[in-house]
Amino acid sequence: MPCLHSDAQKSMEPDGATPGAASPATARSFRGETVREPPMIRGTGWFFSPQWSPRSKKRGERFGDGLRSDQVEAWLDDHSDFTRDYFLRRTSAVRGAQSPLPRLPRSSSDHTDMLRPVPHRRSSSPPMDSHLNISSLVDRLKPLASNPDWEDPFSPDLLGCHSPFSTRSSRFSFSPCRPLSPICSPDLPHSPHPPPPPAESAAACGHGECCPWATELLRGGLGRMGSVAELCRGAALHSGELLMAECCSLSLVKKDCGGKNTLEEVVAPTALGLRSEVDLCSRAHPILTKGIMGDVLSTGSPINLRDASVDPRFDLDDDESSHIRNVLSVPIKNHTREVVGVVLMINKRKGCDGSVSSFTDMDEKVLLNHVDVLGMVLDNVQLYESSRQEAKRSQALLEMAQVLSKEHLSFEVLLSKMAATIMPFTHAQYCTIFIPSEQTPAGEDQAEFSRVIHLECEELGSTCQIYRRERDFGDLDPSNALKTLVCKKTLNMSDGSEASRNSVICCPVRNEMSENVIAVCQLTNKRNRDSDEVEAFNRYDQRLLEDLALYCGLALQYAQAVQITEERRASIEVTQEVLAYHITAAEEEIQALQEAAIPTVESLQLLDFHFSDFGLPEEATSQATVRMFLDLNLVQDFNIDYKSLCQWVLTVRRGYRNNVPYHNWNHALSTAQSMFAMLMATERLQTIFSRLEILALMIATLSHDLDHRGYSNSYIERSQQPLAQLYGHSSLERHHYNLCLFILNNTGSQILSGLSAEDHRAVLHMIKRAILATDLTVYMERRKEFFSLTKKSRVSWKSEKKRDLLRSMLMTASDLSAITKPWPEQKRIANLVTMEFFAQGDKEKKEFKINPIDIMDREKSTRLPYMQVEYINDICYPLYKAVSRLFDTCSPLLRGCRKNRENWIHFAESAKGKDCNHSCCITLEAHQNQDEETQPEE
């Protein structure tokens with residue numbers, strides 16, 4: 001980067017030629033070849049013409065001999081944009097050059113190769129004018145990709161040709177360079193030969209070299225430029241020393257909540273020089289920010305006040321006006337020429353004789369050239385720093401998510417771990433989480449906190465240790481947290497005058513559902529890692545704190561959800577205890593059944609397909625159930641405790657509701673007896689099924705309608721009862737199975753305790769499948785497959801899938817077996833079913849204002865015989881026909897079903913004369929014809 005203010009500048013062209021004028025070509029010899037050099041810009045130590053390279057000079061010959069400094073200054077005054085445009089072009093060449101640049105030696109002290117002559121440019125290359133318009137190159141200079149691991153484009157190997165005598169360092173630090181020339185020394189005489197290259201410690205702008213600050217800035221690359229604050233501080237200090245200012249300051253543009261551009265101080269007013277007045281910096285900044293810097297921001301033009309006291313934009317008293325003499329402020333613009341900041345210089349230092357000087361036009365050009373470099377680099381550095389901050393933020397978010405996903409001993413431990421996650425990223429010394437009481441008033445004076453979690457960070461070298469301290473409310477200042485609780489906004493109290501001693505930022509923690517503030521997170525005292533001083537929290541720290549607040553809100557909701565879940569779990573356990581107590585049979589009943597003599601199957605007629613429990617005492621029904629388990633040898637085969645069996649039977653019986661007309665204990669016993677009769681009558685079934693499958697079928701038949709409410713699944717789903725919300729489809733059947741499982745696990749009723757773990761899982765799975773099969777919707781879905789299977793001449797039942805299908809069909813056959821009972825029993829059961837259906841139809845009319853289906857409509861009770869015939873033909877008869885085709889011993893079920901169909905047809909004919917409905921007659925005749933067609937096949 002050029003530093004124009006030099007006491008060693010030379011003439012632009014020999015013999016007083018002005019820039020741009022045609023001058024005689026000078027002949028020079030390169031390795032015995034004579035070429036002519038076209039007119040070029042010469043004599044400056046900080047840039048080179050695109051048509052010339054220092055290697056084209058003879059070794060030991062001074063570039064720029066014979067040029068006068070006044071000619072250089074005159075040409076530069078007329079071409080102030082050349083430096084910026086040239087630098088933009090060279091930067092673009094580094095990023096995507098059409099031709100490679102010469103590679104320089106690695107050693108900074110070895111410059112022999114740079115002085116070696118190189119072939120002259122080809123004569124075909126067009127001469128380039130110093131007024132070359134490179135605005136297109138400016139547009140092409142865009143912010144670079146932000147990747148911490150990218151390859152540095154500003155490699156010293158590429159940029160070395162621009163600064164052959166610049167210093168090299170492994171890490172560039174933004175320390176101010178020495179002034180251009182000693183303040184109190186006479187002008188140095190012009191010399192045709194340059195002095196020896198200065199040492200690294202004495203490198204400064206203007207001694208025939210590149211600008212060390214710009215050179216090292218570019219050679220370091222983004223990875224070594226430091227933060228935005230470091231970059232801006234280095235630029236401000238370097239420019240201030242170069243211009244010999246007493247004080248410098250720099251602010252960057254940021255947008256406020258309303259989208260308006262405002263200035264944010266990045267480099268506080270800093271005193272420069274040994275004789276600078278430190279008190280000047282503390283007084284000047286508030287006034288200049290509102291006045292001069294604000295005007296530069298709004299206009300985008302530099303301001304050079306040679307006498308600040310007479311400027312109307314200042315309102316200085318006499319004491320202040322004596323300190324602030326002159327001001328130079330210029331805008332910092334990025335590659336799109338948008339103002340991104342403002343730099344300010346105060347008071348040009350006095351000369352050796354005490355004379356007061358002011359900032360000149362040349363000073364303004366120097367400062368503009370430096371901030372042009374800063375503006376170009378600033379975009380990339382901000383983008384790069386933003387990418388690093390986002391990477392750290394992503395890491396913090398990931399760590400907090402991992403903490404949130406794990407189980408913790410308490411809610412306080414969870415919040416402590418989450419707060420400890422961001423403390424190393426924000427460099428905060430303290431992190432406090434205030435949790436308000438449940439009944440917090442709206443006013444700040446009445447608000448109070450019930451709990452507080454306080455963490456302290458202690459740095460140990462490159463690492464830090466975080467401790468959780470038990471602190472009383474009296475030791476902490478909750479005022480800032482109370483303000484945040486009331487206003488419900490993030491508050492950064494680091495901008496006040498006490499920021500140097502204490503910095504605080506508070507953020508509310510919200511409940512995402514109710515938008516209420518449920519806690520306040522507070523960070524205190526951000527420590528500078530280098531100086532250990534307290535500094536203000538920035539926007540990046542604020543974002544991290546807001547992220548913590550969001551995760552704390554999730555943690556609070558998670559803790560509340562866990563608490564509610566635990567409370568409901570405890571409530572369910574209490575309910576189950578109450579249910580187990582009331583559903584379990586009394587000890588007297590269990591003992592009476594255990595000691596009773598169980599009648600034989602013959603006396604109870606359990607082997608008869610026409611079995612009826614009508615008129616059978618309750619004690620006899622329990623004994624009949626025990627007898628079926630005994631005769632199937634289930635008690636002996638599975639080592640079932642006899643007392644447990646008695647208690648289980650009595651508990652299942654109590655699990656059915658007595659106020660339900662049909663789906664009660666008698667229906668469960670009838671279903672189990674039908675399954676028992678088929679198993680006992682068909683030896684082949686006992687061969688097909690394993691002993692475990694038979695046990696599952698008997699348990700399932702007795703439990704398949706536990707706690708039936710007398711309503712169908714459709715009514716439960718339409719009325720949105722808890723059962724429908726809990727189970728979804730097949731709500732009743734799933735509820736029956738869960739209650740069956742509850743009874744099997746109830747103390748004293750554990751008849752499966754003798755099974756191995758594998759057999760226990762297998763039998764429960766089969767019980768569930770069997771109970772769910774009693775849903776007629778499932779039956780209608782699977783019966784086509786079963787009917788096709790029964791039409792085969794031979795069927796292999798080794799497949800578990802086929803046996804599961806057979807078990808499901810036998811469950812439905814047992815469940816519907818009431819249609820196969822003798823006519824008196826069938827008529828009685830039909831009336832019970834009708835009572836249930838009509839009661840549901842009445843509720844649907846009342847609650848849903850709809851007309852129920854015919855079988856549940858009380859107003860269509862006269863159609864009951866016809867609906868029974870439809871039920872037999874569509875549901876029952878095909879099933880019993882298929883079962884009888886497989887097992888002849890089950891044919892009594894088919895005969896009983898066919899006979900009841902005939903009885904319902906005759907019943908309908910007898911009622912035809914009383915209330916003849918034409919459509920009913922047609923339906924009945926269709927069923928008669930269907931009966932006649934199926935007779936030969938049977």
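Author: Let us begin with contact, which means heavy atoms within 4.5 Å. Leaving aside neighbours within four places in sequence, Gly-710 is in contact with Val-660, Glu-836 and Gln-840. Before we continue, please note that this is a predicted model, in which local features need pLDDT of at least 70 and side-chain atom pairs count only at pLDDT 80 or more, while totals for chains, interfaces and linings use all residues. Residues are numbered from 1 along each chain as its sequence is written, and side-chain values use heavy atoms, with hydrogens and water left out.

Reader: How far apart are Gly-710 and Gln-840 in sequence and in space?

Author: They are 130 residues apart in sequence, and the C-alpha to C-alpha distance is 7.8 Å. For the chain, 71% of the contacts with a separation of 6 or more are between residues 24 or more positions apart.

Reader: Where does Gly-710 lie, and is Gly-710 buried or exposed?

Author: Helices (H or I, at least four residues) and strands (E, at least two) are DSSP runs, numbered from the N terminus. The chain has 30 helices and 14 strands, and Gly-710 lies in the loop between helix 20 and helix 21. Buried means under 20% relative accessible area, exposed over 50%, and partly exposed in between, using a 1.4 Å probe and protein chains only. With a relative accessible area of 11%, Gly-710 is therefore buried. Buried residues make up 49% of the 938 residues in the chain.

Reader: What can be said about phi at Asp-707?

Author: Asp-707 has a positive phi, near 55°, although this residue is not glycine. Asp-707 lies in the loop between helix 20 (691-703) and helix 21 (713-718), and counts as buried because its relative accessibility is 13%. Asn-633, also not a glycine, has a positive phi of about 60°. Asn-633 is found in the loop between helix 15 (618-631) and helix 16 (634-637), and counts as partly exposed because its relative accessibility is 38%.

Reader: Which residues does Ile-767 touch?

Author: Not counting residues up to four places away in sequence, Ile-767 touches Ala-696, Ile-699, Ala-700, Tyr-737, Cys-740 and Leu-744.

Reader: How does one describe the way in which helices cross?

Author: Axes are lines fitted to C-alpha atoms, for helices over the stretch in contact, and angles run from 0 to 180 degrees between N-to-C directions. Angles under 35 degrees count as roughly parallel, over 145 as roughly antiparallel, 65 to 115 as roughly perpendicular and the rest as oblique. The axes of helix 12 (residues 539-583) and helix 23 (residues 731-745) come within 11 Å and cross at roughly 75°. These two helices, helix 12 and helix 23, are therefore roughly perpendicular to each other. Gln-576, Leu-579, Ala-580 and Ile-583 of helix 12 make the contact with Leu-739, Phe-742 and Ile-743 of helix 23.
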